[in-house]
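Reader: I am new to this structure. Please pick one part, look at it closely, and then show me what else is worth a look.

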Amino acid sequence: MAVAARSKRLESVGGERLREALVGYAFVLIPMAIFGMFFLYPMVYAFYVSAHDWGGLEGKLGYVGLDNFRDVWNDEQFWIWPPEFHSGTALWNTFYYALLVVPLQMALGLTVAVVVNSGIRGRGFFRSAFYFPALTSSAAITAIAIYLLNANGLLNAGISKIVGRDFTHPWFGDSSTALESIVALNAWTTSGTMMLFYLAALQSIPTDVYEAAAIDGAGIWRTFWKVTFPLLKPAHFFVAVVSIIGALKLFDQAWIVSSGSGGPAGSTMTAVLYLYRVTISEFNYGYGAAIGVVLFLIIFTLTLIQRLLFGKAEIGY
Amino acid sequence: MEGGSVERTRSLRWLYLIGVIGAVTLLAGVTAAASAGKSEDAAPTTKAARTTVTLAGWSLAGNRAEQNALLRTIAQFERRNPNIDVDYQAIAGDYDAAMLARFAARRPPDVFYVDSLDVPDYLPALEPLNDDIRRNKFSTKPFFPRLLNAFRVRGQIYGFPKDWSSLGLVANTQMLNAAGIRTPPKTWAQFTAALQRLRARNAVPNGAPACLSLDWARILAFIYQNKGAWLNPARTRSLINSPQNRATVTQYLGWFRSGLARTPAQLGVGWCGQALGEGKAAFVFEGNWIVGFMQTGFQNVRYRIYPMLRNKAGGNLAFTVAYSIGKFSSKKAAAWRLLAFLAGPVGMRTWTGGGIALPSRSDVRIPPGRSALVNAAPSSRPWQFVSGFDRVVDLAGKELEATFEGNQTVAQMLQKIDAATKEALER
């Protein structure tokens, strides 16, 4: 009934509505053109380039079919089978990084959000303070971290004081701690953003659930695990997706820390940094594009899997 | 109610699709127009008009002495060529990335730096110069042949070396005096002895006797000193996996193992020159670039550049950079004028006069105190391989670091580098 009535009304004002829509689209035309030029077109073009042998300098692209992808498959600098962390291979470095940083970011973000949400004194200050690192340029933070974490840096000076002997471990200069140092750095800088997502979700939880829990005699700890945590499920999904995508795209910190080399011993060579090096230093656009397509497929698949795992579940109050 | 909103989203989706298609079409049009406009660029400029030539190089902002020398040289050219203006573009950050973008856009600078290592990769974008050389009767004889040859491919010259440097043994003389070292070490054995002495006398309290980089652009010099090589002279075969190379790398890493040397990372510095400046090492192996660096930040440190070490033979690397002309430059005549001046005797004298660089021409006077670097010319081989070798150098660097950390043996490392080298040569 209602449907029929509405579509009738639509017909009568159809012309006006169309005009309205056209005006609307005229407004979004410029952003759409920019989106098309800088996202859509390069993306489609990357797929095209990945099937070609192109050094960037020659005008013509030589079609090679799936050759680039076969090379990626056999590239022992990109990945090896069986998977091995700390093997200096770009893909496993990236997964290793994601495996460490994602839970850390989520835990840190959630903890901080709960603290800020708890109504303690000066919460406004804490909210800004925790979000501050996310506002600062990651390049600037990394550049400063290089000084703090170098062999004679502040951190080692502090450790030396505590252990009582000279401690000069180069955190970014040793393959066993370089990527882990970036993990620590990024968990800290991005926790503010994660906090914001969690905070929004926390505030949307209705208070009557908490009241019911209180009446049932649940303590703080129990309320958190039995009420708050499950109700944050959509937030968990969203934060996990954002965090994983961000982790798989790691580039800037790795590039700055190793001055672009992915060293020491390939420990900070992430998939995107490898893509960059192949394209720029080795003048191999086709191969770089192929790596980009592979990465796209990996991230896309992972997101789909997450969607299937988390997405269907409704929140049951 | 609900049905209406579905219908609404459906029509919205339709319009969205139209929008996307429209944007893509618009974009294609813009691209086509841009490429159509390209051909108009080649229109000849009128003779009376002033021409502007672009000159690009990596930024020298970190080294004021070098930057001033280049600006002086450019000003001198403009005075002599009133109808040519030079637009100097200092490229900060990743030079290769920036240049590649300009090449790909077919809008390269007219004249630009090309590192000898990058010649094989840059080749498709470089203008061959033999015709210009003949037409303008530009003599290439004064250039040191090994340096010029770094930019010669199958008989064609693609650039003129703007300057060069070999490696020298750079020493903090105060520390040598403190350790009672009167004569600088000349051989590997003497070097080891000197390092031991420096350590015994605690002459470098805040660092290590030597700072060595985990860098093939250093180790390869030692490989040559041990009569080894990476490639054969024709650059067709891999010679990296040999007993003498194994011995060389083992010796180089041995200086770290015995605690006589440390890497820049271990010393908490960016590179070994900084370690020398900050008094964290008595010996480093660097080239002429150390001079400008020490002038800028560490005037109080007393140091000297001694000849590179030798073992079975003398061996050294030559690092050189050329000025080249872009193949797609629309102002080649003016670009040639600039190139010929910068690489000619007058321009090079201005550029190298202050001692921040070593002349690549024999008819330009060498700055005082650099004989150790210049005399190495006959035993220096250019830091240059074949096209696509960046990948191998990358891998070799990674494997070297892994070997340094004790994750594999020197023999295993050389095997891997050998395999990668062969693969690159086959391509």
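Author: Start with helix H6(A): on one side of it, Ile144(A) and Tyr147(A) are exposed. Exposed means over 50% relative accessible area, buried under 20%, and partly exposed in between, with a 1.4 Å probe and protein chains only. The model is predicted, so local features need pLDDT of at least 70 and side-chain atom pairs 80 or more, while totals for chains, interfaces and linings use all residues. Residues are numbered from 1 along each chain as written, chains are lettered from A and ligands numbered from 1 in the order written, and side-chain values use heavy atoms, without hydrogens and water.

Helix H6(A) runs over residues 138-148, and its buried residues are Ile141(A), Thr142(A) and Ala145(A). They cover an arc of only 95° around the axis, so they sit on the same side of H6(A). The arc is taken from the directions from the helix axis to the C-beta atoms. Helices (H or I, at least four residues) and strands (E, at least two) are DSSP runs, numbered from the N terminus. Contact here means heavy atoms within 4.5 Å.

Now turn to chain B. The chain has 18 helices and 13 strands. Of its 427 residues, 54% count as buried.

Strand S6(B) covers residues 160-165. Six of its six residues are buried, so the strand is largely enclosed by the rest of the structure. S6(B) pairs with strand S12(B), residues 316-325, in the antiparallel sense over five bridges. Strands pair if DSSP finds at least two bridges between them. Phe160(B) stands opposite Tyr323(B) of S12(B).

Chain B also holds an open sheet of five strands. The order is S9-S8-S10-S7-S11, with mixed pairing. S9(B) (261-262) and S11(B) (303-306) stand at the edges with a single partner strand each, so one side of each has no neighbour in the sheet. Inside the order, S8(B) (208-211) and S10(B) (281-286) pair in the parallel sense over three bridges. Cys211(B) has Val284(B) of S10(B) as its bridge partner. Helix H8(B), residues 188-200, packs on this sheet and touches S7(B) (168-172), S8(B) and S10(B). Its direction makes about 150° with that of S10(B). Axes are lines fitted to C-alpha atoms, for helices over the stretch in contact, and angles run from 0 to 180 degrees between N-to-C directions.
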